[in-house]
Amino acid sequence: MDALGAAILAALLGSIPFGLILTRAAGLGDIRAIGSGNIGATNVLRTGSRKLAAATLLLDGLKGTVAVLLAGWLFGPEWAPLAALAAVLGHCFPPWLGFRGGKGVATALGVMLGLAWPVFVVAALSWLVAAKLSRISSVGALTAMAVSPLAALVFADGRTALALLLVAAIVFWRHRENIARLGAGTEPRIGEGK
């Protein structure tokens with residue numbers, strides 16, 4: 001029962017579509033009608049508002065952190081890794097938006113912070129370095145996801161590493177079009193249009 005409670009709570013928190021809420025509140029319409037159609041910070045940036053994109057990034061990350069910490073506090077820390085996975089699933093597949101959400105990177109980083117802050121630091125630094133060197137946002141994001149389970153083995157435990165491996169798999173799946181464009185050499189660089 002604790003497992004179910006932790007998963008439901010985290011999935012509900014993860015499913016809050018901050019990108020959609022913020023862009024609508026700012027009078028910019030439905031974020032799903034522009035760019036990639038996703039509700040995450042990268043697509044919010046395509047509205048031209050860096051402030052809204054930064055706020056989306058922060059809130060999408062924080063909801064992941066809160067989901068992990070709250071589920072661990074209410075149901076026991078052993079369920080925090082399950083909550084991490086549920087929060088990312090909630091973000092990527094929110095039922096209120098026809099199961100079409102974001103790609104999960106900010107929420108994934110948020111759950112890492114909630115699970116083990118050193119894992120978050122390693123992943124965030126990996127993201128920044130890879131994005132800076134490649135000048136491609138998706139390369140940074142996918143690099144961060146790829147290193148996170150390994151970092152969890154060093155700085156956390158096997159359950160956390162397994163949860164982050166599953167989180168990484170979800171994020172890679174959500175980035176399958178980006179991966180195809182990377183293979184074709186057509187993925188936009190940071191600052192270019194889609």
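Which helix is Lys-63 found in? I looked this up first in the predicted model. Lys-63 sits in helix α4, which covers residues 50-75.

**Lys-63**

Leaving aside residues up to four places away in sequence, I listed what Lys-63 touches: Leu-13, Gly-14, Ser-15, Ile-16, Phe-18, His-91 and Thr-107.

**Largest pocket**

I turned to the pockets next. The largest pocket has a volume of about 1,300 Å³. I found 47 residues in its lining, with Ala-41, Thr-42, Leu-45, Trp-127 and Ser-137 nearest the centre. Which helix gives the most to this lining? It is α4, with nine residues. Helices that each supply at least two residues include α3 (41-45), α6 (105-115), α7 (117-134), α8 (137-155) and α10 (176-184). By residue class, I noted 20 nonpolar, 18 polar and nine charged in the lining of the largest pocket.

**Second largest pocket**

For the second largest pocket I noted a volume of about 240 Å³. Twelve residues line this pocket, and those closest to its centre are Ser-36, Asn-38, Lys-103, Arg-174 and Glu-177. Here α10 gives the most to the lining, with four residues.

Conventions. Residues are numbered from 1 along each chain as its sequence is written. This is a predicted model: local features need pLDDT of at least 70, side-chain atom pairs count only at pLDDT 80 or more; totals for chains, interfaces and linings use all residues. Side-chain values use heavy atoms; hydrogens and water are left out. Contact means heavy atoms within 4.5 Å. On a 1 Å grid over the protein atoms alone, a cavity is a set of points where a 1.4 Å probe fits but cannot get out, and a pocket is an open set with protein on both sides within 12 Å along at least five of seven lines; lining residues have an atom within 4 Å of a point. Grid points are joined across faces, edges and corners, and a volume is the space filled by probe spheres set on the points. Ala, Val, Leu, Ile, Met, Phe, Trp, Tyr, Cys and Pro count as nonpolar, Asp, Glu, Lys and Arg as charged, and the others, Gly among them, as polar.
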